[in-house]
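Visitor: Hello! I would like to learn how to read aromatic rings in a protein model. Could you show me with an example?

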Amino acid sequence: MSFFNRSTEDFPENIIADILSRLPVKKIIHCKSVCKNWRMLISDSYFVNLHLSRSPANVMIRHELGDSSDFDSDSELEDWDEPGALKWLEIKGEQDDTHLHHDIIMNIDLNDVPVFQDSNVLIVGSVNGLICLWQYGPIPEYDNTSICNPITKEYVILPRQKYYRLAPASARIVYGFGIGLQTKEYKVIRTFQANIPAEFTSSRPHILEAEIYTLGTGQWRHLGHVPYWFSGSPGGFFLNGCVHWVVLDRDSPEKLCSFDFDNDTFQLFPSPPSDELVGDIRCQTSGILHGFLSLTDTSLYKFNIWVMKDYGIKKSWHKEVVIMESIIPWPTRERVYLLEALEDGTILMSFNDKLFVYCPRKKTIEGGVFSELYLTGVSYHPSFVKLQTFESERVHVGLCPKGPDSPVGCS
């Protein structure tokens, strides 16, 4: 039999899986309709893991359909009737330019999902294509956590946690979402910070408790008192089996805290040299840049991006980017978050409800990259990880992408 007369059934499954895993997600989903064998193959764990290893880094944003609010303050939040929309963006840069092209690959209006209606929703983390969402509102019943996969259209509403907000301004919630390097268990950690002291004091919240949820167990576990006070706004960044937050305790010897998802423990994490983090620094945020842990600090006159070249080694911190006040388009007292870095070095950042692009080679910033209002965003690797593989979870299928070109239809 000549090569040109062979059908796909003549090829080994691992060869077919290798070919399909290199296709864009939209085309892979269409391939599920080719035949029963391909549908089963794409649902197999071998293919899911193979595709995930090649999944490109995109951006998932939560688009605010109503008015925006400051979610890191203690002010009372308003506009509870718009959970917003999840938008999966493919970002591409132009060589030697700060201009970005973006394609909306998927658009999911959360208003169409009954459980999210009459509340608001924030993205607090994303790991292996799974997205952790925090639903909140004017009453305690809306303080909930959920996990979803937009590709498979699945979502899970986690059971009620022990600590929840009695009112919008009653407590600050900080999240972490990740997977253990050894256990391979997906976990959500949630810290509850109540009676927060006034700004610029050395006091800590009177209540600082943590709970953790292992996907597939059906229940939260109480971890007790949190040894450090930190900011996540509202979620920390996951890397190497740990989630990382900025420490708010003024007398702390380090300015970062990590939580290990294998042994469920908090610990201070090496931060940049202390003599470099003094003076007029206004605020800091953690992040991931080119696969490395990063720390940003905003002062009155400049914005720095630190990168840890050798994970866990304090001496490996390197000041990667210095942006002077003259080109900074945001207030110098505000937190700025890193979303994604492109191969050419271009960095996508977010401040409040705006996105900015920084080009290190030209040392220029372009603001207002997108014309619509966006609120929160995370780096996103699309995957076919199915929530239905986790026992003890009540999985719903009902995330419906919009538009004629959506890769997934509602069924």
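Visitor: How many aromatic pairs does the count come to here?

Guide: The model is a predicted one, and the count comes to 15 aromatic pairs.

Visitor: What describes a pair of aromatic rings?

Guide: Two things do: the distance of the centres and the angle of the planes. Take Phe116 and Tyr155: their ring centres are 6.1 Å apart and their planes stand at 45°, so this pair is tilted. Planes under 30 degrees apart would count as stacked, and over 60 as edge-to-face.

Visitor: Where in the chain do Phe116 and Tyr155 lie?

Guide: Phe116 is in the loop between strand 3 (100-109) and strand 4 (120-127), while Tyr155 is in strand 7 (residues 154-157), so the pair ties together parts that are 39 residues apart in sequence.

Visitor: Is Phe116 buried or exposed? And Tyr155, buried or exposed?

Guide: Phe116 is buried, with a relative accessible area of 1%. Tyr155 is buried too, at 9%. Now try another pair: the rings of Trp245 and Phe266 have centres 6.2 Å apart and planes at 35°, so they are tilted. This pair links distant parts of the chain, with Trp245 in strand 14 (residues 242-247) and Phe266 in strand 16 (residues 265-269), 21 residues apart. Both Trp245 and Phe266 are buried.

Visitor: Which residues do ring pairs link into a cluster?

Guide: The cluster consists of Phe230, Phe238, Trp245, Phe259, Phe261 and Phe266.

Visitor: Which ring does the charged end of Lys309 sit over?

Guide: That is the ring of Phe292, with the charged end 5.2 Å from its centre. Likewise, Arg160 lies over the face of Tyr164, at 4.1 Å from the ring centre.

Key. Residues numbered from 1 in each chain as written. Predicted model: local features only at pLDDT ≥ 70, side-chain atom pairs only at ≥ 80, totals over all residues. Heavy atoms only, no water. Phe/Tyr/Trp six-rings, centres within 6.5 Å; stacked < 30°, edge-to-face > 60°. Helix = DSSP H or I, 4+ residues; strand = E, 2+ residues; numbered from the N terminus. Buried < 20%, exposed > 50% of the residue type's maximum accessible area, 1.4 Å probe, protein only. Lys NZ or Arg CZ within 6 Å of the ring centre and 35° of its normal.
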